[in-house]
Amino acid sequence: MIDYNKLLNPTVLEIKPSGIRKFFDIAAEMDDVISLGVGEPDFQTPWHIRQAGIKSLQDGKTKYTSNWGLIELRKAVADYMKEQSGVSYDPQHEILISVGGSEAIDAAIRAIVGAGDEVLIVEPSFVCYGPIVRLAGGVPVAIPTKAENRFRLTAEELKAHITDKTKLLVLPYPGNPTGAIMEREDLEDIAEVLRDTSIAVISDEIYSELTYTGNRHCSISSIDGMKERTVVINGFSKAYSMTGWRMGYACGPEPILSQMTKIHQFAIMSAPTTSQYAAIEALKNGRNDIEKMVEEYDMRRRLMVNGFRNLGLDCFEPQGAFYAFPSIKSSGMSSEEFCEKLLYSKKVAIVPGNAFGESGEGYVRASYCYSVSHIKEALRRIGEFLEDIKK
């Protein structure tokens, strides 16, 4: 009889499953559940992008590509980055096409982090960073952000967490789950702290196209002296509604990108060829699609934030991504208790804030990448739940 506790990697055994999935596994077995939980656009991938993928299949383009990805796609990414952030990347040596942004994050962390290295992770944030750091032998160190600072990382908070073991900063803006953004002046303050160190930065910019202030997203790589230490992660899942195509990319210094590509080469080989051709079309001709989706998200954003506030829940105004992060502290419940009771009593699935780090306790995440009718019904049921718990 095999003792699997001895067989399996103890580091993997110690990692808890994603806190996001718990409630959806329960909800999947229930009828009439309204979910505001999944961070997946409800739009179809635009037809012209799907057509590009279909045409590549019809043309028999079904072979492996370069480990780095199609050069046509890398050139399109380089053009996009130059246009959007003003930063120039060599498509031959400074851009890697990955299987979603998630693989690029994994490869970047594994290329940089070794045993005992400390990695600063801005929280609340997406669930993958800490576990990947642990799998690489590193030590994740959370930097909690606060609603009163609009969930932005401040220079003082960063300074307070740097030690002589700090190797990497994970900077995930626009933020999941908070919807927070960092403006150029915020990033300049962060850059000033990092400039005289050897600390690298992973800037996860997967939601960079989804901002609602009227200002274009600013990448820390565009700040003086930051390109040489920054790996920018982005992809097609959110902006182009291409989640199932699994298309992402990383841009950064050649010494880091070459090691990431080595990891990618042995673990993955190359990103899906069909998806790469679709991604070329997205970058070249997808601007109007993004603008239409952002306009719709902005309307839903205001509907949801105002809805939570009208129900008596304090709700930070998200300025990016497609999530609201209302406080449920007034309920007297923990985040998990609130979400569990809401699910069982009113059949509404949202995500407890502590799934995104301890600093998320007292909040819940609700996604507005759902239809207006869906959002309104969820808010109605949440209102009933809040009234019930007052009795």
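The model is predicted.

**Stop 1: the largest cavity**

Start inside the protein. The structure holds 4 cavities of 30 Å³ or more. Go to the largest cavity, with a volume of about 110 Å³. Select Tyr80, Gln84, Glu205, Ser208 and His217; of the 13 lining residues, these are the closest to its centre.

Which elements supply at least two residues each of this lining? Colour α5 (71-85) and β7 (230-235) to see them. The largest share, 4 residues, comes from α5. By class, the lining of the largest cavity has 6 polar, 4 nonpolar and 3 charged residues.

**Stop 2: the second largest cavity**

Keep Tyr80 selected. Tyr80 is also among the residues nearest the centre of the second largest cavity.

**Stop 3: two cis peptide bonds**

Most peptide bonds are trans. Now move to the loop between β5 (166-171) and α9 (184-194), where Pro174 is found. Show the backbone from Tyr173 to Pro174: this peptide bond is cis, with omega near -10 degrees. Then step along to Pro177, which lies in the loop between β5 and α9 as well. The bond from Asn176 to Pro177 is cis too, with omega near 25 degrees.

**Stop 4: two positive phi values**

Most residues other than glycine have a negative phi. Select Arg246, in the loop between β7 and β8 (248-251). Arg246 is not a glycine, yet its phi is positive, about 55 degrees.

Next, pick Met269, in the loop between α10 (254-267) and α11 (273-285). Phi of Met269 is also positive, near 85 degrees. Met269 counts as partly exposed, at 34% relative accessibility.

**Stop 5: the cysteines**

Finish with Cys315 and Cys339. How many disulfides are there? The count comes to 0. Why does Cys315 form none? The closest cysteine sulfur to that of Cys315 is in Cys339, 14 Å away, so the gap is too far for a bond. A disulfide needs the two sulfur atoms within 2.5 Å. Cys315 is buried, at 2% relative accessibility. Cys339 counts as buried as well, at 1%.

Conventions:
Residues are numbered from 1 along each chain as its sequence is written. This is a predicted model: local features need pLDDT of at least 70, side-chain atom pairs count only at pLDDT 80 or more; totals for chains, interfaces and linings use all residues. Side-chain values use heavy atoms; hydrogens and water are left out. Buried means under 20% relative accessible area, exposed over 50%, partly exposed in between (1.4 Å probe, protein chains only). On a 1 Å grid over the protein atoms alone, a cavity is a set of points where a 1.4 Å probe fits but cannot get out, and a pocket is an open set with protein on both sides within 12 Å along at least five of seven lines; lining residues have an atom within 4 Å of a point. Grid points are joined across faces, edges and corners, and a volume is the space filled by probe spheres set on the points. Ala, Val, Leu, Ile, Met, Phe, Trp, Tyr, Cys and Pro count as nonpolar, Asp, Glu, Lys and Arg as charged, and the others, Gly among them, as polar.
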